[in-house]
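Colleague: I am new to reading models like this one. Could you take me through the features one at a time?
Modeller: Gladly. Put the structure on screen and ask as you go.

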Amino acid sequence: MDVAKIDTILRKYNGDSDFLIEILQDVQAEWRYLPVDLMRHLADELGVPLARVSHIATFYKAFSLEPRGEHEIQVCMGTACHVKGASRVLDAMSRELGIGEGQTTADKQYTLEAVRCVGACGVAPVVVIDDEYHGDLMPDASAKLIARHMKEGAK
Amino acid sequence: MTQINFSNLGAAATAEQKRLAGYKAMLMVCTGTGCVSAKAFSLLDNLKEEISKRDLDKDFLVVGTGCNGFCGQGPILVVQPEGVFYQRLKKTDMARIVEEHLIGGKPVEDLMHRDLSSNKPIHKMDDIPFFSKQKLIALRNKGLVDPENIDSYFARNGYMALKEALEKGSPKSVLDEVKTSALRGRGGGGFPAGVKWASCMAAVEKTGKEPVVVCNADEGDPGAFMDRSIIETDPHTVLEGMCLGAYAIGAKEGFVYIRKEYPLAVTRLEKAISQARDRGLLGDGIMGSDFSFDIIIHRGAGAFVCGESTALMASMEGRAGEPSPKYIHNVESGYKDRPTVLNNVETWANIPVIVDKGGKWFAAIGTGDVSKDPWGGSSGTKVFSLVGNINNTGLVEVPMGITMREIIFDVGGGIPDGREFKAVQTGGPSGGCLPASLLDEPVDFDTLTRAGSMMGSGGMIVMDDHTCMVDVAKYFMEFLKDESCGKCNPCREGTVTLYGILDRITSGKGVKGDIDELERISRVMEAGSLCQLGATACNPVLSTLRYFREEYDAHIDEKRCPGKVCKDLITFTINDECNGCMVCAKRCPTNAISGEKKAKHTIDQKECIKCGICNDVCKYDAVNVE
Amino acid sequence: MISIAIDGKTIEVEEGTFLLDAARGAEIPIPTLCHHKALTSDGNCRLCLTEIKVGGKTKMVTACNYPIREKIEASTTSDKVMEFRKDLLTMMLARWPNVPILKTYAKQYGATEPSYKHPNRNEAEDACILCTRCTRACTEVAWENIIGFEGRGANRHVTMPFGEQYHRCIGCAMCSNVCPTGALKVYDEANNPVDSAQVKKYGAKLGEEMTLLDDDQCKMRRVGTAHLVEIMDTYDLLPTHNYKFGGHEESHKIASPIWTKMVTQNTPDGCWAGCMMACAKCIEGFELKTGPYKGDKVLVDGPEYETAAGCGSNMGIFDPFAVAEINFYCDTYGIDTISFGTCMAFVMECYENGVIDKDKTGGLELSFGAADDSLEILHQMARGEGFGVTVGQGVRKMKKKFVEEFFANAEFLQDIGMECKGLEYSEYVTKESLAQQGGFALASKGPQHDEAWLIFMDMVNKQIPTFEDKAEALHFFPNFRTWFGLMGLCKLPWNDVEPTNNAEYDEPHKVPGHLEGYYNFYEGVTGKKLDEGKMITMSERVYNFQRVFNLRMGFGTREHDYGPYRAMGPVTNEEYESRAERYDEQLKNVVGQDPAGMSTSDKKAALRKFRETQYDKLVDAVYKRRGWTDNGVPTVEKLKSLGMDMPWLLDVVAKHKE
């Protein structure tokens, strides 16, 4: 456990437990998941019950108790995307990566997620890969996109 | 950094206006999320490079703006002040625009929007039908300000309403304008903002506790992105609105609760708050007055239920976002049990204009008579995200009372690919699906509710005849069962059960009595859920049952999906149009398609997983879906 | 009051009353699953949904948390309500088909299991129905947050953090006590009681009583024992200036509102199942001003009442920070706060009367209220330096030293030196309670409050008027409390919260309802039955053994059962005059001597004579009840009757035969 890193995060929020959710988001971003021993440490430092931390960690979609992949692939499941075939896009991505929704590839490279509306409905269907938006992405194109991404990553 | 006060705000605005007037033209590149997904940022860099290369930096200013609204056509560039609109731009187009238009004086017609029927290029943005029927209040600065530069907001009269209120008005005068405007909350419920503010003030009087103002930017409705766009486009209008609200009710603290899924909006908002603090527009003694107010951002972590006010408060206090049942409203006891005014982004964005132009001016726009009772009608404009199966997708702001038909067919340009309109979904997961027979109804809070849907935050998802309404209901229920916090029985058990029944109907296993069961469960949820998420969760089911009952019957009785969507009820076959191009066979993920080159292909039904890719990639309409 | 109608029945309720409470008060049943009277309403089961008409509108509200603020008409059995209950229970049956409470309600409202299968179906009879009673009990009753929820929607479930046993859980069992289905079980593996169900049953009752009653009775949970400061002050029992007075105008400065603000730790100690008393309190982050840890921020364990009174009012100190600092250093040095307070109060009175002066104290000014110099004495005691060495030897040795070396008036020092058998008095003024004078001075180990505390019984509630009554109390309570010590049980759950129906019992001062609780607990742990007789016999053996032990050590006879006169009445004229009205009245009506025209000294002497005689009579009565000789020696018969006629005990007793 890298205490210095956690302390930096805690300092950013003045150790104020009102910002527990933000603090956990920063931890998630840094570690790609929420390690349990780290949450224990946070609970002690912030003086909040561990049960509150564990509730938050399992309540909000942003958090994961298992390490997520190097790259996060988020398929938008908003209504606009749905009527334009988002679930078919998700299926295509899932086939290409060989993992189901919510899973991470064995090499810890990719995590595939179906997410709530990302607010880019004008260019539906949308896929977000590591914060980069890809719009008007039909199933076939999405499979190609992943194939390309994996190939580039391999280089 | 010059501190803004009553006497120098006007000068700051003029200085910026003068600076901008010094350019021959301003090149407004949309950097809203839709355009960014189409590489708008690299385009912006290209454009700057092309201009610098030709040493034209003094003549032309390149600005990255927030969302222009016409997202379906991105990336977008608007040349101001003449208003020439370019769309679907590529990297190579930048040099042409600089050479031909900026230097040569001849706008590039083949990069312009074309009229849907005549196919003629339209030069000016304002002449494009998508824009011409709009009336901009909340979005008044879209595409015209640099969201990361507070001075550009000054140049658009920014913070002037606040200055006037602080200098010449009073908290009461601000409240009175908002009351007169009859502005109803744009977040979903449509509760009159003035009434809310006044009851908060009454609670402050009663409890002696310090009030707070909160901006709900946890835009949860799928298919709605106006709050995101407003913040990304014009963050200061939200801040100014909140300042005015805080001044009216006497709050010193304000919060914005924003989804972490909106990183660009978070960044721009943070920047805007820090600039406002630096210039003395937030913090102690704003503009030299004795009014002090500051704003703190809380980032949500992904929970639709946080749109429920009590869940949102819990989340802001650093707890899991579960609603709490209470018969005491937030205006009395909200954030940390303090009187709390919660309005959403669009509501706050309207406030500076209402204070500036007057409540009467605002109330004159829209429907109904609101002079005596804010519930008498729907005043002002409403921003809608017009998306789904529609030609002109994007964000539009139209006066309340406009008909659905005008929005979908005039502004939105109708349904693409020659398909038929089937339904429009409004109000997000709490709303409903409205059929073609209601197209001529006016769009306002009360009409939509009467029709079994609701205004919600303004998502308007258009569906064509290739949409299955049972599938749409199932889609919403899947969403809601995942987003139900699980606290109360009706919602937790109801959403799961409704989903289960809809799933069995769409898989062709529906039985007689399923529809009764759907209705019975819906009634329990409606009457008994702890919060509005649960109480309205049945709306997608009830509204589709009300208007599209025959589709349910087709699934249950005939095991047929009229929209040709439900996988278990459709088959893919290849017809005689097939010329053996082999594209589908190559792209089929299960190698279910076989056939020689230049000969008709066939699909092995045992292998087919009904992914629909063959149909997507076929250019010859050779795939039948039955 | 608001007049409302429920099912046509008109009732008057206070504004803010919850509809459910109003209905139940009127004996109109409304079904609930998540509601529990000891917990805040959560309104999550929704079964109590009731139709109301308010302001011309009809709506459905949850009765458990709907506050009545205006005139309403409620219907608990309208068609809409009945249909809702039936449909809701149907949905729940799909998930939990076999839970008895659901089945009972389902039968009542005509719900049957539906055709659809719930993906999270749980067929257990003791399935968790997610009512949140347990998690609320954990936070609201135990003031913890150990069990909580994880997940959302259909995956929401009760758990300790991350599904692991959490070290903070002390097994208080409040969660399982309130669970309506038995889904939550607390396993007592370490203590292995014979019948854990009986222990739990007792614990549940105790926990519920404390949660519901303590806030109105003793506030032990919120304030701890320090709540007694203002009560003692009100009843003239708060020792002030070495027990001269029973209260002080500044006592509010060390009263419970002050401590409530300073105290930060409110956690039930979990000494035994069900005890939610949370009597232990502490001040965190307290910055010390003196001593070896000066400037450090420390945790002060306390203060309890005895500390607040002993190191506060009795020393004339009304500065809560000084009291807390003395508290901390006493704990740190291993010095008892009661002994320190009573010793210092004695020193201060001596100082103010010129018995000692600055020369003798090493320059310290030890008048009442001298907080800084008192702390210096405390540090000296720890270091073994200066005048601290003298004070550290206790009141008995100080009296001797002051008489022998400083030529003080021995009688005066005997009257005001608050010790008996060499132990300093605990912090109650006993002048007006004869029974308590005995409770202190007759106690085996010296005047310590844990053997018998009879002041309220005697003075306020007047439950023990005669000598025989008092003697009975001085037989029963010391033995009863000895029993607590024998079992290693705390006495606070016995009478610091009393059952609401306590007054209906024959001997309410014994809190019989709670004695039964102790019997049940004992039986649950050991498997053996217990009653009052058995309990007292167990204690009497030990109590008489202690007496024989005292005898052997030279402290067990009558002469050692007399305390200083200050414990009985006013020593000085100043003391007499401060309560002249009370004493005059006693002289006139009880002693039969008209005080009119008498000097204060004469009146004082007359009162003293009377009170000392009374005490003699009390001692006689107590010895008789205890089966002891007039000299306070256990008789051979008594020892025999207790099965304690071992020769090595009889030998000691024989030496004291008159």
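Colleague: How many residues does the contact take from chain C and from chain A?
Modeller: Keep in mind that this is a predicted model. The contact takes 11 residues from chain C and nine residues from chain A. The side of chain C that touches chain A has six nonpolar, three polar and two charged residues.

Colleague: How is the size of an interface often given?
Modeller: It is often given as the accessible area lost when the parts come together. Here we count residues instead.

Colleague: How many residues does the contact take from chain B and from chain A?
Modeller: Chain B gives 48 residues and chain A gives 41 residues. Five elements of chain B give two or more residues to that side: α2 (33-37), β9 (294-300), β13 (381-388), β17 (459-464) and α24 (613-617).

Colleague: Which element gives the most to the side of chain B that touches chain A?
Modeller: That is α2(B), with four residues. By class, this side of chain B has 19 nonpolar, 20 polar and nine charged residues.

Colleague: What confidence scores come with the model?
Modeller: The model has an ipTM of 0.93 and a pTM of 0.85. For chain C, the average pLDDT is 93, and 99% of the residues score at least 70.

Colleague: Now chain B as a whole. How many helices and strands are there in chain B?
Modeller: Chain B has 24 helices and 21 strands. Its radius of gyration is 26 Å, close to the 25 Å that the globule rule gives for 626 residues, so chain B is as compact as a globular protein of that length. Along the principal axes, its C-alpha atoms fill a box of roughly 80 × 65 × 40 Å.

Colleague: What share of chain B do buried residues make up?
Modeller: Buried residues make up 59% of the 626 residues. Take contacts in chain B between residues at least 6 apart in sequence: 70% of them join residues at least 24 apart.

Colleague: Show me one covered helix.
Modeller: Take helix α13 (residues 309-316) of chain B: eight of its eight residues are buried. Among them are Leu312(B), Met313(B) and Met316(B).

Colleague: What covers the buried residues of α13(B)?
Modeller: The cover includes α2 (20-31) of chain A. It also includes β7 (212-217), β8 (253-259), β9 and β10 (340-344) of chain B. After α13(B) comes Gly318(B), with a positive phi near 80 degrees.

Colleague: And a covered strand?
Modeller: Strand β15 (residues 421-426) of chain B has six of its six residues buried. In a regular strand the side chains alternate between the two faces of the sheet.

Colleague: Which strands do bridges join to β15(B)?
Modeller: Five bridges join β15(B) to β17(B), and the two run antiparallel. Four bridges join β15(B) to β16 (residues 432-435) of chain B, again antiparallel. Follow Val424(B) across: its bridge partner in β17(B) is Val462(B), and it stands opposite Leu434(B) in β16(B). The hairpin of β15(B) and β16(B) has five residues between the strands, and there Gly427(B) takes a positive phi near 80 degrees.

Colleague: In what order do the four strands of the open sheet in chain A lie?
Modeller: The order is β2-β1-β3-β4, with mixed pairing. The edge strands are β2 (110-115) and β4 (132-134), since each pairs on one side only. The twist averages 20 degrees from one strand to the next.

Colleague: How do β3 and β4 of chain A pair?
Modeller: Strand β3 (residues 127-129) of chain A pairs with β4(A) in the antiparallel sense, over three bridges. Val127(A) has His134(A) in β4(A) as its bridge partner. Helix α6 (residues 86-97) of chain A lies across β1 (71-76), β2 and β3 of chain A, at about 155 degrees to β1(A).

Colleague: Last, a single residue. Why does Glu45(A) count as partly exposed?
Modeller: Glu45(A) has 15 of them, so it counts as partly exposed. Glu45(A) is found in helix α3 (residues 36-46) of chain A. Leaving aside neighbours within four places in sequence, Glu45(A) is in contact with Leu10(A) and Gly15(A). The C-alpha atoms of Glu45(A) and Ala62(A) are separated by 22 Å.

Methods
Residues are numbered from 1 along each chain as its sequence is written. Chains are lettered from A and ligands numbered from 1 in the order in which they are written. Two strands pair if DSSP finds at least two bridges between them. Axes are lines fitted to C-alpha atoms, for helices over the stretch in contact, and angles run from 0 to 180 degrees between N-to-C directions. Two residues are in contact if their C-beta atoms, placed from the backbone, lie within 7 Å. Ala, Val, Leu, Ile, Met, Phe, Trp, Tyr, Cys and Pro count as nonpolar, Asp, Glu, Lys and Arg as charged, and the others, Gly among them, as polar. The radius of gyration is taken over C-alpha atoms; the globule rule is 2.2 Å times the number of residues to the power 0.38. A residue is buried if 20 or more other C-beta atoms lie within 10 Å of its own, exposed if 12 or fewer, and partly exposed in between; C-beta atoms are placed from the backbone. pLDDT is the predictor's confidence in each residue, from 0 to 100.
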